[in-house]
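Q: I have a model open and want to go through some local details and then the interface. Can we take it step by step?

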Amino acid sequence: MSRSRKLTSGVKQSLPHDSAHKHVSGEALYIDDIPEPPGTLFAAFGMSEKAHAEITGINLSKAKAAPGVVAVAAAEDIPGDNNCAPVFGDDPIFAEALVEYVGQSIFAVAAETVEQARRAARLGRVTFKERKPVVTIDEAMAAKSFILPPYTMQRGQSSRALSRAKHRIQGRVEIGGQDQFYLEGHIALAVPQEDGDMVIYSSSQNPSEVQHLVAHALGLSSNAVTVEVRRMGGGFGGKETQPALYACIAAVLARKTGRPVKARVDRDDDMIMTGKRHEFVTTWDVGFDDRGRIEGIEFDLAARCGMSADLSLAICDRAMFHSDNAYYLSNVTIVSHRCKTNTVSNTAFRGFGGPQGMVGIERVMDEIAFTLGLDPLDVRRANLYGGKGRNITPYHMTVEDNVLPELFDELEKTSRYRKRRREIESWNRTSPVLKRGISLTPVKFGISFTTTFLNQAGALVHVYNDGSVHLNHGGTEMGPGLFVKVAQIVAEEFQIDVDRVKITATNTGKVPNTSATAASSGTDMNGMAAKNGARTIRDRMAAFAADMGGCRKAEVVWGYDAIRAGKKRFTFAELTKAAYLGRVQLSAAGFYATPKIHYDRDKATGRPFYYFAYGASVSEVMIDTLTGEYKVLRTDILHDVGESINPAMDIGQIEGGFLQGMGWLTMEELWWDKAGNLKTHAPSTYKIPAASDWPEKFDVRIFERGRNKEATIHRSKAVGEPPLMLAISVFSAIGDALAGACGHQISPDLNAPATPEEVLLTLEDMRARLSAGAGLAEAAE
Amino acid sequence: MTSVRFVFGGKVVALDGIDPNMTVLSWLRTKVNKIGTKEGCAEGDCGACTVVLGELTQESGRERIRYRAVNACILFVAALDGKQLIVVEDLRQADGALHPVQQAMVDLHGSQCGFCTPGFVMSLFAMYRSEGQPDRARVNDVIAGNLCRCTGYRPIVDAAMAAYDGGRADQFSRRERQTVELLKSIARTETETLALEGAGRRYFAPVTEDALADLVKAHPEATLVAGGTDVGIWVTKHHQDLETVIHVGGVRDMDFVREVDGSMEIGAATTYTDAVHAIAGQYPDFGELIRRIGSVQIRNAGTIGGNVANGSPIGDSMPGLIALGATLVLRLGKQKRVLPLDQFYPGYRQTALKPGEYLSAIRVPLSQPGRHFHTYKISKRFDQDISAVCGAYCLDIAGGQVTRARVAYGGMAATPARAPQCEGALTGLAWTEDAVPVAMRALAQDFAPMDDMRATARYRLAVAQNLLQRLYLDIEGGAPTVLAPEASGQGMGA
């Protein structure tokens with residue numbers, strides 16, 4: 001049998017997702033699919049019906065007496081800390097004296113079946129003394145209701161530059177939130193062990209955090225709790241901090257009953273109880289020259305954080321870090337307000353504040369263009385980061401790896417942007433009802449956790465004496481193919497086929513103190529840690545082979561399943577076996593800490609990011625001026641992933657991120673009533689994109705010349721979050737179509753999400769402004 | 001008959017004493033450990049629970065099996081009676097190889113987190129077994145009821161089309177004869193009403209309308225279920241106990257579309273899927289609207305009769321039916337009466353049905369020359385969404401004049417309702433562009449819509465009025481819309 005002499009399942013190969021065959025056959029196990037241990041109970045939650053109220057009484061006697069109920073638990077049943085917050089200790093597992101949002105957990109029930117538990121939970125009686133809720137950002141700003149102090153980034157002198165600028169405009173955009181809408185809702189299974197220990201299966205991007213919070217809730221040290229997750233049915237940031245609540249409740253009930261407890265919420269409760277993307281209200285004051293080049297700018301970013309801090313500090317910071325997006329801002333002040341509201345505490349969602357920051361500056365680009373009568377693309381080009389003198393960010397980091405000028409050139413050409421813009425303009429003149437718009441927008445996204453210490457990862461690699469490999473690392477698989485990419489890296493390192501590398505569930509007992517799989521860093525960090533672990537073993541094996549072959553270690557030739565040392569030749573399995581018999585350690589932990597990064601938050605200066613990921617997209621839309629309905633006709637994407645470890649997986653991230661971003665900016669609308677009740681809490685009312693929302697025509701490409709300037713894993717770039725922001729081109733194109741509908745005489749105050757309603761009412765307002773303006777002009781004559 | 005019998009895993013399964021409120025999803029996951037089928041929303045909106053039902057049908061004189069995708073989360077187990085249930089675990093071939101739709105999903109990277117994947121596979125499998133090579137638009141429609149949050153759908157659509165590359169034979173086509181025999185062995189005769197008791201609840205599934213009429217009269221308190229696409233949610237979301245359920249969906253002589261006295265009569269047990277072609281043949285716009293009601297899964301289970309009888313203010317069938325002047329055949333015991341649909345809703349979620357009475361059929365006047373019918377649905381998402389506003393218009397125009405106008409809206413009031421001021425303003429008016437503002441002003445007198453999560457009152461009224469402009473353009477030669485710009489000659493150029 002002839003066989004390939006070269007490894008074909010290492011890096012830079014489009015291998016399928018490691019679980020693809022199990023996904024399609026229904027064999028991939030999610031936590032609700034794991035066979036339940038005998039005696040497993042099911043939890044359900046008693047939640048606040050008030051957005052802001054003192055609890056005056058809790059009566060659980062009816063719930064306790066309901067059929068099948070084995071235990072109920074409230075705050076006093078927590079043996080340790082009543083807290084499941086990631087940073088600031090301000091998220092109680094069960095509310096005690098005060099509820100601060102509708103959906104806040106107050107008690108829980110454990111019963112023999114899911115249905116019994118859910119019915120019993122409805123029988124708990126909680127009485128409240130209501131307080132006035134703060135629901136919106138405007139209400140919070142008026143009431144000076146903040147969860148964290150404001151924060152400012154500054155470079156140059158923005159107010160002086162503004163007063164001297166030839167042109168100066170102000171504006172405001174409201175940017176809606178977004179539910180993560182992972183298809184698998186929150187779930188945890190707690191299984192009691194001897195010594196009071198607990199094993200938790202949690203659908204979590206952050207098993208270490210779940211471990212620590214469960215331990216503290218139970219009054220144990222972290223070594224008594226083990227958390228495992230094989231895969232999640234989607235995370236998108238929604239499972240970075242939020243899983244801890246469910247894990248803690250399952251653990252508290254498991255401790256109380258001595259039986260395994262599964263806590264799974266249904267879709268509605270999941271959406272009501274858990275945090276989402278932060279809403280923002282962004283205002284700006286910008287001064288610019290005749291070419292549209294920004295001379296001074298001030299941004300004011302107000303974010304709805306909800307009732308607790310959660311990750312809002314870092315999220316609001318990241319919004320500020322991306323308020324420049326791809327543009328050099330010579331004199332800039334960015335102020336961020338972190339509003340406390342009586343709504344669910346907002347949390348991580350793909351992009352982590354970055355998208356909201358970018359929407360602000362991209363709107364500014366469009367407004368400048370409309371003001372000057374320029375093509376928005378020319379204004380964007382004029383403002384892109386450049387060489388020396390135009391390469392410092394508002395947080396004083398030097399941009400060293402900018403590829404956007406090249407990327408713009410290529411995309412402008414392949415998408416035929418200029419020609420299409422001309423066509424659209426003439427088409428719009430002859431089309432009374434339908435109007436088209438087009439926009440090209442860039443993405444520059446900073447890669448690294450801005451909380452520097454989180455930029456560390458670990459892995460554990462075993463080589464068994466038959467030559468098979470067991471791979472474990474701190475990253476979690478929520479969908480994008482992290483596991484297969486890391487396995488490819490290890491296969492590459494050992495020069496063996498990837499199917500000899502067993503991918504295993506993330507487990508806090510194997511790799512400790514891990515950071516969340518977040519900030520797009522999963523492959524960068526865990527891939528490097530795994531590579532380091534594998535390299536340690538390979539070095540030991542090579543040294544052993546050198547001894548056997550009577551050569552120096554450096555002379556060992558390590559090829560695809562063929563290792564040559566002097567006259568000796570081994571397959572990988574043969575060398576493994578020999579090394580084992582030679583008492584060589586065939587197991588190693590790998591570790592990685594991202595180099596070069598630092599950030600002084602007090603001074604708002606530093607290098608918070610190891611590098612930047614870049615991309616750009618062109619979208620063309622058509623709107624119906626009678627109804628506000630619209631359709632994306634075509635999208636062209638060019639995205640830089642460095643040297644891709646797995647192009648198929650990376651394309652998946654680019655396309656999926658784009659559509660998810662498009663959902664955020666177009667149809668996904670979170671709607672609260674005045675009392676703070678979320679009324680869009682299921683797919684019947686909260687609409688994520690469906691298949692027909694994908695653009696009619698599309699061209700998605702990886703930037704061929706991409707190569708990470710920094711020494712990342714195989715010179716690749718992170719790809720999880722950046723593509724989401726490619727969808728800003730859709731939002732901007734809708735704005736362009738609206739401007740086109742008004743003869744480009746006036747710019748649209750379009751807010752996100754741009755639902756058909758938002759589009760139509762924006763158009764009505766534009767037309768009213770136009771006719772008022774015309775009236776004024778007539779009066780002046 | 002007191003047990004539910006269906007074909008599952010190549011065998012007949014008979015269940016005695018099953019709780020009539022148990023869903024297929026719950027049964028699969030908790031009773032028989034088939035965990036490939038997932039719960040994503042428990043309300044029939046995400047498709048993660050999609051399974052396929054095989055049903056006996058006649059095709060050119062031969063007994064065949066018709067495969068249709070449905071949502072297991074809101075389908076009661078009892079409704080499986082007489083059918084074949086196919087779940088994702090059944091798709092691997094005898095030698096363990098993946099089914100062509102599964103293999104295409106793997107090859108083209110159609111899964112990421114994988115949680116929605118079994119549902120997609122089942123929707124695609126139903127298509128694969130039922131029809132030939134689809135195009136992109138057809139696939140989009142087939143999977144409109146399956147939500148994926150990871151991929152952006154592009155690779156799934158590619159996989160759906162590529163699955164046909166190797167032909168359409170699979171183990172289901174090869175075993176079709178055996179399955180037909182199994183299904184015949186459990187088909188109930190006309191006199192065999194299924195009568196279940198389980199968990200203290202009762203369930204009746206008659207085969208004939210006469211049996212149904214007797215049952216409904218005898219149990220006026222019973223919940224009537226056709227497709228169960230709304231009633232299922234009462235159980236899964238609202239934790240209601242339905243003590244007595246009468247299943248209308250299996251009544252054979254209420255499953256029809258036929259012409260009677262200048263009307264199209266649609267049996268109340270006819271699914272959207274089975275009715276849509278006949279309706280589209282009379283009124284193309286109505287057909288397109290029905291294509292946008294729910295999803296394939298919902299339309300395979302749900303019925304227009306259920307939509308009408310349920311009485312929701314935002315049901316999408318009713319504005320069109322009201323505008324067309326549809327009438328309802330209501331039956332109580334052996335007594336039948338006919339009521340215009342626009343008199344059927346006395347108030348929010350109320351109907352004119354008397355105790356023991358039920359909706360038997362819907363009669364829709366046939367199209368006629370000079371009669372113009374259009375209906376439009378406005379929602380946040382184009383496919384599988386609930387209307388913010390649904391408008392329907394039926395205008396008779398003769399000699400350039402509107403001689404008769406019926407205008408109805410959903411989403412504008414507590415019930416689907418006519419717009420009498422607008423109708424009055426249009427009637428007798430010359431049909432020119434000047435008629436539009438007149439009708440728009442009159443419409444503002446008809447409704448005082450409300451703000452809710454689907455739309456504000458301001459938008460509802462504005463768009464309801466603007467739809468009259470679209471109506472004018474449509475009647476005068478095809479109004480362009482963003483979804484069909486090509487049809488009107490306004491292509492996208494690029």
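Q: Is B:N33 buried or exposed?
A: B:N33 is exposed, with a relative accessible area of 56%. Keep in mind that this is a predicted model.

Q: What about phi of B:N33?
A: Phi is positive, about 55 degrees, although B:N33 is not a glycine.

Q: And where is B:N33 found?
A: In chain B, in the loop between α1 (24-31) and β3 (50-59).

Q: Switching to chain A, what is phi of A:Q495?
A: Phi of A:Q495 is near 55 degrees, a positive value in a residue other than glycine. A:Q495 sits in the loop between α14 (482-494) and β19 (501-503) of chain A.

Q: Buried or exposed, that A:Q495?
A: A:Q495 has 14% relative accessibility, so it counts as buried. The cut-off for buried is under 20%.

Q: What kind of peptide bond joins A:A752 and A:P753?
A: A cis one, with omega at about 0 degrees. A:P753 belongs to the loop between α18 and α19 (756-780) of chain A.

Q: Now helices. How many residues of α14 of chain B are buried?
A: 8 of the 8 residues of this helix, which spans residues 317-324, are buried, so α14 of chain B is largely enclosed by the rest of the structure. The buried residues include B:M318, B:L321 and B:I322.

Q: What comes just after α14(B)?
A: B:G325, which takes a positive phi of about 80 degrees.

Q: And α11 of chain A, how many of its residues are buried?
A: 6 of the 8 residues in helix α11 (residues 376-383) of chain A are buried, so that helix is also largely enclosed by the rest of the structure. They are A:P376, A:L377, A:V379, A:R380, A:A382 and A:N383.

Q: What do the buried residues of α11(A) pack against?
A: Elements of chain A: the helices α10 (354-372), α12 (404-414), α13 (417-430) and α18 (728-741), plus the strands β14 (294-306) and β16 (434-447).

Q: What happens at the start of α11(A)?
A: There a side-chain oxygen of A:D375 comes within 2.8 Å of the backbone nitrogen of A:L377.

Q: Which residue does A:R380 meet in a salt bridge?
A: A:D366, at 3.1 Å from N to O. The pair links distant parts of the chain, with A:R380 in helix α11 and A:D366 in helix α10 of chain A, 14 residues apart. Both A:R380 and A:D366 are buried.

Q: Which residue forms a salt bridge with A:R634?
A: A:D636 does, with the closest N and O atoms 2.8 Å apart. A:D636 and A:R634 are both buried.

Q: On to the interface. How many salt bridges are there between chain B and chain A?
A: The count between the two chains is 16. Over all chains, the structure holds 99 salt bridges.

Q: Which residue of chain A does B:R149 pair with?
A: B:R149 forms a salt bridge with A:E668, and their closest N and O atoms are 2.7 Å apart.

Q: And what does B:R154 meet?
A: The side chain of B:R154 meets that of A:E655 in a salt bridge, 3.0 Å from N to O. A:E655 lies in helix α17 (residues 647-665) of chain A and B:R154 in helix α5 of chain B, so the pair joins two chains. Both A:E655 and B:R154 are buried.

Q: Which residues are joined into one network by salt bridges that share partners?
A: A:D375, A:D378, A:R381, A:D409, A:E412, A:R418, A:R421, A:E425 and A:D736.

Q: Back to the interface, how much area do chain B and chain A bury between them?
A: About 7,100 Å², 56% of it on carbon and sulfur atoms. The contact takes 80 residues from chain B and 96 residues from chain A.

Q: Which element gives the most to the side of chain B that touches chain A?
A: α17(B), with 9 residues. By class, that side of chain B has 35 nonpolar, 23 polar and 22 charged residues.

Q: Last one: how is chain B divided into domains?
A: Domain 1 covers 3-90 + 175-247, domain 2 covers 100-169 and domain 3 covers 371-477. The C-alpha centres of domain 2 and domain 3 of chain B lie 38 Å apart.

How values were computed. Residues numbered from 1 in each chain as written. Chains lettered and ligands numbered in written order. Predicted model: local features only at pLDDT ≥ 70, side-chain atom pairs only at ≥ 80, totals over all residues. Heavy atoms only, no water. Domains from an automatic or database assignment. Buried < 20%, exposed > 50% of the residue type's maximum accessible area, 1.4 Å probe, protein only. Helix = DSSP H or I, 4+ residues; strand = E, 2+ residues; numbered from the N terminus. Contact = heavy atoms within 4.5 Å. Polar contact = N/O pair within 3.5 Å; in protein donor to acceptor, adjacent residues only side chain to side chain. Buried area = accessible area lost by both parts, 1.4 Å probe. Salt bridge = Lys/Arg side-chain N within 4 Å of Asp/Glu carboxyl O. Nonpolar A, V, L, I, M, F, W, Y, C, P; charged D, E, K, R; others polar.
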